[in-house]
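Have the model open while you read, and follow along residue by residue.

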Amino acid sequence: MNPIVRAVNVRKSYGDFRALQGITLDVVKGEVLCVIGPSGSGKSTFLRCINQLEQISDGALWVNGELAGYRRVGNRLYELTERQVARQRLATSMVFQRFNLFPHKTALENVIEGPVQVLKRRRAEAQEEARTLLARVGLAHKCDAFPSELSGGQQQRVAIARALAMHPQLMLFDEPTSALDPELVGEVLAVMRDLASTGMTMIVVTHELGFAREVANRVVFMDQGQVIEAGPPEQVLGEPRHARTRDFISAVLA
């Protein structure tokens with residue numbers, strides 16, 4: 001099976017700081033991959049490279065079968081234009097730590113913005129699907145509410161519905177519960193569990209080890225821009241091979 005994401009020796013530097021130091025990783029269609037690790041380990045940077053919010057410094061990255069950010073002609077690589085990158089980016093949708101909703105638009109208007117403005121879908125058709133998506137995340141009764149009228153958990157669920165409205169091949173979650181009050185975390189994780197059960201390909205950066213143990217097909221532990229350990233959740237979380245992984249898990253569970 002061809003991977004939906006293939007990273008080969010991916011590196012990312014900011015001046016002298018090396019955020020990613022040779023990431024090689026495949027993610028296949030339908031897989032739920034949870035990425036764990038300490039702050040500053042490169043987890044979010046890797047997601048942003050997949051979504052082309054950051055350009056890699058070296059290596060190669062394929063998303064949905066296409067070389068991200070470049071086209072190859074013979075033995076030469078040519079950088080894609082912003083329009084071409086935007087077209088490639090349609091294969092993925094990303095849910096951020098902060099909800100990034102338009103504050104002056106209702107939940108429904110937030111969800112239809114991308115389909116109408118980017119995918120050029122008819123407004124009535126986009127509205128119908130948006131209502132279905134908001135119902136799917138438990139917010140059918142909040143279609144006309146503005147972000148300021150929603151809890152953090154509700155705003156994040158709107159953000160997930162907005163991401164799904166773009167019909168992505170791959171969903172990226174960058175610590176989607178880290179900005180939430182503890183009592184609101186469960187409602188967002190429940191939506192993500194449901195999404196995983198449908199076969200959506202997901203890469204989730206998270207500190208929620210219980211979620212990773214329950215939902216992930218595979219867990220990757222990153223530290224200092226490198227993949228230290230990868231495998232089934234029962235192995236990485238239950239019987240980690242590396243001392244650094246063991247120390248991190250112990251600290252999170254303490």
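1. Start with the open sheet: it has 6 strands in the order E8-E9-E10-E3-E11-E12, with mixed pairing. Keep in mind that this is a predicted model. E8 and strand E12 (226–231) sit at the edges with a single partner strand each, so one side of each has no neighbour in the sheet. From one strand to the next, the twist averages 20 degrees.

2. Inside that sheet, have a look at strand E3 (residues 32–36) and strand E10 (residues 201–205). They pair in the parallel sense, over 4 bridges.

3. Strand E1 (residues 3–14) and strand E2 (residues 17–28) run antiparallel, joined by 9 bridges, and Ser 13 is found opposite Arg 18 in E2. The hairpin of E1 and E2 has 2 residues between the strands, and Gly 15 takes a positive phi near 65 degrees there.

4. E1 has another pairing: 5 bridges join E1 to strand E4 (residues 58–63), again in an antiparallel run. Here Val 5 stands opposite Val 63 in E4. As background, strands of a sheet pair through backbone hydrogen bonds, either parallel or antiparallel.

5. How many aromatic pairs does a search of the whole structure find? There is 1, formed by Phe 221 and Phe 248, with 5.4 Å centre to centre and 40 degrees between the planes, which makes the pair tilted. Phe 221 belongs to strand E11 (residues 218–223) and Phe 248 to helix H9 (residues 243–253), so the pair ties together parts that are 27 residues apart in sequence.

6. The largest pocket has a volume of about 590 Å³. Its lining comprises 18 residues, with Arg 89, Thr 92, Ser 93, Met 94 and Met 166 nearest the centre. Two or more lining residues come from each of helix H2 (82–89), strand E8 (92–95), helix H3 (107–117) and helix H5 (152–164). By class, the lining of the largest pocket splits into 9 nonpolar, 5 polar and 4 charged residues.

7. The second largest pocket holds about 210 Å³ of space. Of its 15 lining residues, Gln 52, Glu 54, Gln 55, Gly 69 and Val 85 are the closest to the centre. H2 gives the most to this lining, with 3 residues.

8. The structure has 1 cavity of 30 Å³ or more, and the largest cavity holds about 30 Å³. Which residues line the largest cavity? They are Arg 136, Val 137, Leu 164, Val 191, Asp 194 and Leu 195. Helix H6 (residues 182–197) supplies the largest share, 3 residues. In class terms, the lining of the largest cavity has 4 nonpolar, no polar and 2 charged residues.

Technical notes:
Residues numbered from 1 in each chain as written. Predicted model: local features only at pLDDT ≥ 70, side-chain atom pairs only at ≥ 80, totals over all residues. Heavy atoms only, no water. 1 Å grid on protein atoms, 1.4 Å probe; cavity = no way out; pocket = protein on both sides within 12 Å on 5 of 7 lines; lining within 4 Å. Points joined across faces, edges and corners; volume = space filled by probe spheres on them. Nonpolar A, V, L, I, M, F, W, Y, C, P; charged D, E, K, R; others polar. Phe/Tyr/Trp six-rings, centres within 6.5 Å; stacked < 30°, edge-to-face > 60°. Pairing = 2+ DSSP bridges. Axes fitted to C-alpha atoms, helices over the stretch in contact; angles between N-to-C directions.
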